Structure formats: structure tokens, C-alpha cells
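Dear colleague,

Please find the structure below, handed over for your study. My findings follow it.

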Amino acid sequence: MEKQLQALIDKLESENRLDREEWIRLIRGRTPKLAQYLFEKARKIRQMYYGTDVYIRGLIEFTNYCKNDCYYCGIRRSNAQAHRYRLSQEQILQCCRQGYDLGFRTFVLQGGEDGYFTEERMVRLIREIRKDYPDCAITLSIGERSYDSYLAFFNAGADRYLLRHETWDTAHYQLLHPPALSAEHRRQCLWDLKKIGYQVGTGYMVGSPFQTAENLADDMLFLEKLNPQMVGIGPFIPHHDTPFKDQPAGTLELTLYMLGLIRLLLPKVLLPATTALGTIDEKGRELGILAGANVVMPNLSPENVRKDYLLYDNKICTGSEAAECRNDLENRMHAIGYQVVSHRGDSLNMD
């Protein structure tokens with residue numbers, strides 16, 4: 001069995017695709033030995049295209065208001081315990097100034113789906129950042145918007161857009177979200193973003209409630225079809241003020257395994273070692289890099305709001321997650337043979 005599964009990994013490495021049944025077998029049949037075989041392949045491919053560079057993105061969590069009520073999310077609309085905040089344009093620009101001085105050349109504006117940040121306000125903000133930092137990439141992660149809004153943001157100067165599809169399967173999606181949201185609409189947003197010309201990022205939760213190996217196989221087939229420039233995956237971590245508070249968390253083991261598989265599926269993709277990985281294991285992000293990832297996203301948000309952007313429990317919000325502690329991050333990466341670099345770090349996985 002082990003040899004057969006190694007042969008599937010070899011096939012994935014050479015052909016960059018598997019069929020659905022092969023994905024299911026490879027996910028269900030994983031073992032520690034097989035994972036190490038996979039990670040060696042993933043590191044080789046990652047270093048072929050990106051060397052040992054680790055790209056850093058400055059994450060600015062600028063609002064935790066959200067109109068949606070996703071069952072897994074700590075900033076869901078009906079969580080009355082959440083301490084809400086919005087950063088002003090000047091506060092966001094101050095985060096960019098601080099980040100630029102620290103060597104960041106990509107800013108990621110992330111927030112809930114907050115009606116206060118209208119198309120007009122976002123366009124004004126993007127133009128201001130683009131004017132002040134013409135050499136930087138601007139990434140948005142603000143959820144589902146209209147085609148026209150996505151186009152307006154792009155024309156104002158946004159380069160990249162992150163929108164996790166969360167799960168491809170329609171029935172599974174409905175178990176995680178209220179009826180107002182649909183997997184089909186989420187996917188259409190991603191196709192819209194690609195059509196406009198963004199560098200597009202998507203991804204999914206690993207170990208989310210009710211998830212099966214079949215769900216993960218379908219997610220991999222969707223990644224193959226979409227062919228995004230970035231893929232962000234992380235373990236599901238429950239939040240104490242959500243309907244899924246008592247559900248088991250996703251595991252480090254499966255998340256790392258899926259990272260390695262994604263690297264072989266999309267060899268040139270940008271692949272973050274996420275904050276959630278660092279939350280479930282102190283060495284989680286280093287292990288993510290060693291599994292094939294090549295991006296980390298330290299937090300540039302003001303210290304007084306970091307604890308309020310709580311999508312899940314125990315999120316890292318001090319120490320090495322603070323952008324001020326970039327030296328610690330550099331030391332961590334250096335200890336495993338990689339180096340943090342200060343440039344935009346565009347994806348090589350361009351159509």
C-alpha cells in the first residue's frame with residue numbers, strides 16, 4: 001500500500017494532477033512515512049521555483065464588523081460578545097508606513113464584510129496606498145463583492161485578492177454557512193476576480209466540521225481547475241462564541257500534508273504558512289515552510305485591536321506575530337535554512 005501511494009505522489013509530481021479517486025486514496029492512506037516522502041518532494045519543487053526565499057506580507061486587519069453569520073467565525077454578525085472596531089484611513093496608512101519601514105512590500109487589507117467600507121471608501125483608500133507606495137503590492141481580503149466593485153478596486157490599484165472558497169461541496173458549504181451564502185456564488189466571485197486580472201488567492205479549512213476525504217478531494221480538483229496564484233489553507237480552530245465551539249479542531253498533521261499536496265499540484269503557487277498553523281503548534285509555521293509553503297503574513301495591525309480580530313480561539317496576537325518582531329521571524333526561518341526577503345514576491349503561477 002505504501003509503495004502504491006508513493007507512486008501516486010510521483011504521478012502528482014510529474015503530471016500535476018490526479019483523479020478524484022486517487023486524491024481520496026492519497027488523503028485517506030497517509031502515514032507519517034508517506035508524509036515525509038511527500039515533504040521532500042514538495043521542498044524540492046518549492047526550491048526549484050522560489051529557492052529558499054520566504055515572502056512576507058504585512059497583514060492589516062482593518063475592521064471586524066461583518067454582515068455574515070458563518071457558523072465557524074468569531075466575528076460573525078450575531079456574536080454579541082465581539083468587541084467591534086474599524087480603523088480609519090489614516091490609521092491604515094500609518095500601518096503601511098510602519099510596514100514599509102520594516103521592509104514589507106505587500107500590504108494585505110483584510111476585514112469582515114463591513115458595509116461601512118463602501119466601494120467609494122475602498123477606492124479612495126487603495127488609491128492613497130498606491131500613490132504613497134508605488135513599488136508595493138496591494139492585496140484585498142474583504143469577501144464577496146459585485147463584479148463592478150472588484151473592477152473598481154483593480155482600477156484603483158489593487159493587485160491581488162484573497163477569497164477562500166472554504167469548501168467546494170455545496171452541501172458541506174451549507175452546513176458551515178447560513179442560507180444566504182452559497183458555494184456557487186463564492187466560486188463565481190473567484191472567476192470574476194480572475195477575469196478582471198487579479199492575482200487570485202483561494203483556499204479552504206482543513207478539518208472543518210463534517211469534512212470528509214471526498215470533500216478535500218473535490219477541493220483539490222477545484223484548485224486544479226481554477227489554477228490560482230495563491231492558496232491559503234489552515235486548520236479549523238473552534239471559537240467559543242460560535243455554534244461550532246465544541247467541534248474538534250483540525251490537525252497540524254493533515255494541514256501539513258495538504259500543503260505538500262498543493263505544492264505538487266500547483267508547483268509555482270504562493271503558499272502561506274498561516275497564523276492558524278502557528279496557533280495550533282509553536283513550530284507550526286516553520287513546519288509549514290518545510291512542507292512546501294513560501295509565504296508568512298505577520299500582523300501590522302495596531303496592537304490594541306489585534307486581540308479583537310478573533311476568528312478563532314487562542315490566535316497569536318503578540319510576540320513573533322507582531323511585525324515589530326520581524327527579527328524573531330527571520331531567526332526562525334534562518335534556523336531551518338530559509339531567509340525572509342523584502343520584495344513584492346509575485347506569484348510565478350501566472351496564466
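Predicted model: local features only at pLDDT ≥ 70, side-chain atom pairs only at ≥ 80, totals over all residues.

**Two pairs of packed helices**

Two packed helices are described by the angle between their axes and the distance between those axes. Helix H1, which covers residues 2-15, packs against H3 at an angle of about 15 degrees, and the two axes are 10 Å apart. Angles under 35 degrees count as roughly parallel, and H1 and H3 are therefore roughly parallel to each other. The crossing of H1 with H3 is right-handed. On the H1 side, the contact is made by Glu2, Leu5, Gln6, Ile9, Asp10 and Glu13; H3 contributes Lys33, Leu34, Tyr37, Leu38, Lys41, Lys44 and Ile45. Sorted by class, the residues of this contact are 6 nonpolar, 1 polar and 6 charged.

The second pair consists of helix H6 (residues 147-156) and helix H8 (residues 183-196), whose axes are 10 Å apart and meet at an angle of about 35 degrees. H6 and H8 also form a right-handed crossing. Here Tyr147, Tyr150, Leu151 and Phe154 of H6 touch Cys189, Asp192, Leu193, Lys195 and Ile196 of H8. The contact of H6 with H8 has 7 nonpolar residues, 2 charged ones and no polar ones.

**Arginine 30**

Arginine 30 sits in the loop that joins helix H2 (20-28) to helix H3 (32-50). Its side chain reaches the backbone oxygen of isoleucine 27 at 2.8 Å. Which residues does arginine 30 contact, leaving aside its neighbours within four places in sequence? They are Glu253, Leu254 and Tyr257. Arginine 30 has a relative accessible area of 26% and is therefore partly exposed, because that class lies between the buried limit of 20% and the exposed limit of 50%.

**Two residues with positive phi**

Glutamate 166 belongs to the loop between strand S5 (160-162) and helix H7 (170-176). Its phi is near 70 degrees, a positive value in a residue other than glycine. Is glutamate 166 buried or exposed? With a relative accessible area of 8%, glutamate 166 is buried.

Phenylalanine 210 is located in the loop between strand S7 (205-206) and helix H9 (213-226). Its phi is near 75 degrees, again a positive value in a residue other than glycine. Phenylalanine 210 counts as partly exposed, at 47% relative accessibility.

With kind regards

Conventions. Residues numbered from 1 in each chain as written. Heavy atoms only, no water. Helix = DSSP H or I, 4+ residues; strand = E, 2+ residues; numbered from the N terminus. Buried < 20%, exposed > 50% of the residue type's maximum accessible area, 1.4 Å probe, protein only. Contact = heavy atoms within 4.5 Å. Polar contact = N/O pair within 3.5 Å; in protein donor to acceptor, adjacent residues only side chain to side chain. Axes fitted to C-alpha atoms, helices over the stretch in contact; angles between N-to-C directions. Parallel < 35°, antiparallel > 145°, perpendicular 65-115°, else oblique. Left-handed = near helix turned anticlockwise from the far one by under 90°. Nonpolar A, V, L, I, M, F, W, Y, C, P; charged D, E, K, R; others polar.
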